[in-house]
Amino acid sequence: MKSSSINTNLFGRRPLLQALGALGGGALLGGMPGPAHAAGFADTRRGPGNPGIADEVRAEFLHAWDGYKKYSFGHDEVMPLSGKSNDFFVAGHPIGLSIIEALDTLYVMGLDDELGLGLDWIYGNLNFNIDGDFHVFEAIIRVVGGLLAGYLAVRDERLLRLAKDVTDRIMPAFAKSPTGMPYTTVNFATGAVSGAEPPLAEIGSNILEFGVLTQLTGDYSYYNAAKRALREVFNRRSSLDLLGTSINVETGEWVDSADNGPNPPTDSLYEYLYGAFALFGDRECLDWYHLLNDAMTKYLVETYNGNVWYKEVDFRTGALLGRGQSELASFYAELVAAGGDLNLGAAYYRSWTQVLNQYPVLPEGIDYTTLTATSKSNQFRPEYVNASFNLYWQTGNPFYAQTAYQYFVGMRDNARTPDGYTILDDVTTTPMKQGDLFPAYGFAENFKYLYLIFARTPRFESGDFYLSTEGKILRGLRPDGTFSGQ
Ligand code: DMJ
């Protein structure tokens, strides 16, 4: 269904690096601390990369994948210490989530036999007609995004059909909402919805996946549903142009009054506003991003003990509420840089690097007045190296490759198990206390960001890419005609 409500140049292609032209390249980073050209860490964007490190990363990805294959193939997630499996969405109804999440990573790493195995499982087993409540946000960023990225890699129509099928099962969460902002869960068999007070990341992190599906199917209802949800959020901003964190989607009222910036549970909403511009040329979303981001910079950003952080404030008054910071916010360094404020992005990244120098694996939460851990676990988080990846390709500054490698070594030294990788229950102990779960996003994010910093493959267009919040390559995959798995 066509609609005139969307921008006519919506799907004009615009290379990311061209969109970033205003940044002025790496020159703004002259003051960046850290070795300018540490051994093995030069600006190799146009050269061979660092094949040795790329091979190390790929070997570790395979180690994690082998653990999943050994204990849990076809289940959602592996528990690598006990050898058990975890159903992520609905108990007793696995959908092979780790396989779906891994598709485009397997492709860019050239692991074609493994990709073929995963595709065999999907074509033979994946069926979304499940009488169970699925989390809308997680299903979109992980499942829709994963199938779309898989399709963009191998161009098999079965993946696109599955992506459309699962999205059509998700759509009641938008259609049944009086405001158009989605409910938290939807039953994939009946379309019944529940959960009327989702946080903003869950309301506003869907336009990238829905937009790509619109591009591929010609059906604008997906893009329009996502855009309406974003508009509803934007229209509820305070007079300071700040946001709360959760909205009742039936009444349209705010549930709370705290703006904690790029911390969860708002985080990826900003990523999707900017992404709608970067991926589809939607200038209205870009304007919304700038207005909201500028207000955060004005009211939330502060320098504390020489580091830069986002404090928590009342979104109507700007009054200070807290000085905590979630590891999940660290991705914002690359986004604020991509949006045009490279100095702030670089400073925020440096602040998180201070924490990484202290804890080789970042704790989930810190008090930034002391840099101490307030939440001591780490759920195998990718956000810091997500920022490294994007900042490296934006600037070519070797500091980002060097610190990405530092992140990798911390992860390998502490989160590796005999049969894979795992979350950490406590990063403040020596040795760190391991948990027993490999989150499916580990196959989509951490290793992919690392690999694509150091590897050079014809399957990835490093000058023109855009990845979703779940690390799905929604632009930049190049089918090279050599994959013959199916
Ligand atoms: C991922 O599922 C996505 O990056 C999401 O946006 C929030 N963070 C997790 C991984 O930490």
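A pocket is an open set of grid points with protein on both sides within 12 Å along at least five of seven lines, and its lining residues have an atom within 4 Å of a point. I worked throughout on a predicted model.

**Entry 1. Largest pocket**

I began with the largest pocket, whose volume comes to about 400 Å³. I asked which elements each supply at least two residues of its lining. They are helix H5 (136-154), H8, H11 and H15. H5 gives the most, with four residues. In total 22 residues line this pocket, and I noted Phe137, Ile141, Asp267, Leu328 and Glu383 as those nearest its centre. Sorted by class, the lining holds ten nonpolar, three polar and nine charged residues.

**Entry 2. Cavities**

I then searched the whole structure for cavities of 30 Å³ or more and found three. Two or more lining residues come from each of helix H11 (268-280), helix H13 (332-338), helix H15 (383-395) and strand S18 (466-467). I counted eight nonpolar, four polar and two charged residues in this lining.

For the second largest cavity I recorded a volume of about 110 Å³. It is lined by 15 residues; Val361, Asn378, Arg381, Tyr407 and Met411 lie nearest its centre. Helix H16 (residues 398-415) gives the most to this lining, with three residues. The classes here are ten nonpolar, three polar and two charged.

**Entry 3. Helix H10**

I next checked the length of helix H10 (residues 221-234). Its 14 residues, at 1.5 Å a residue, should span 20 Å, and the C-alpha atoms at its ends are 20 Å apart, so the two values agree.

Is H10 mostly covered or mostly open? I found it mostly covered, with eleven of its 14 residues buried. The buried set is Tyr222, Tyr223, Asn224, Ala225, Ala226, Lys227, Ala229, Leu230, Glu232, Val233 and Phe234. The cover over these residues includes helix H6 (157-170), helix H7 (172-175), helix H8 (200-203), helix H9 (207-217), H11 and helix H12 (283-299).

**Entry 4. The loop between H10 and S6**

I looked up two residues in this loop. Arginine 236 lies there, and aspartate 241 is found there also. The cut-off for buried is under 20% relative accessible area and for exposed over 50%. Arginine 236, at 21% relative accessibility, therefore counts as partly exposed. Beyond its neighbours within four places in sequence, arginine 236 contacts Thr179, Met181, Ile247, Gly252, Trp254 and Phe315. Its C-alpha atom is separated by 8.5 Å from that of glycine 252, which stands 16 residues away along the chain.

Aspartate 241 has a relative accessible area of 21% and so is partly exposed. Its phi is near 65°, a positive value in a residue other than glycine.

**Entry 5. Other backbone exceptions**

Most residues other than glycine have a negative phi, and most peptide bonds are trans. I therefore listed the remaining exceptions I had looked up.

- Arginine 155, not a glycine, has a positive phi of about 55°. It lies in the loop between H5 and H6 and is partly exposed, with a relative accessible area of 42%.
- The peptide bond from proline 264 to proline 265 is cis, with omega near 15°. Proline 265 sits in the loop between S6 and H11.
- Threonine 430 and proline 431 are joined by a cis peptide bond with omega about -5°. Proline 431 is in the loop between strand S16 (424-426) and strand S17 (433-434).

**Entry 6. Two open sheets**

I traced an open sheet of three strands in the order S6-S9-S10, with antiparallel pairing. Strand S6 (258-259) and strand S10 (320-322) each have a single partner strand, so one side of each lacks a neighbour in the sheet. S6 and strand S9 (residues 312-314) are joined by two bridges. Which residue of S9 is the bridge partner of alanine 258? I found aspartate 314.

Another open sheet of three strands runs S3-S4-S5, again with antiparallel pairing. Strand S3 (133-135) and strand S5 (193-194) are its edges, each pairing on one side only. Strand S4 (residues 185-187) pairs with S5 over two bridges; there, threonine 185 has serine 194 as its bridge partner.

Conventions: Residues numbered from 1 in each chain as written. Predicted model: local features only at pLDDT ≥ 70, side-chain atom pairs only at ≥ 80, totals over all residues. Heavy atoms only, no water. 1 Å grid on protein atoms, 1.4 Å probe; cavity = no way out; pocket = protein on both sides within 12 Å on 5 of 7 lines; lining within 4 Å. Points joined across faces, edges and corners; volume = space filled by probe spheres on them. Nonpolar A, V, L, I, M, F, W, Y, C, P; charged D, E, K, R; others polar. Pairing = 2+ DSSP bridges. Expected span 1.5 Å × (residues − 1). Buried < 20%, exposed > 50% of the residue type's maximum accessible area, 1.4 Å probe, protein only. Contact = heavy atoms within 4.5 Å.
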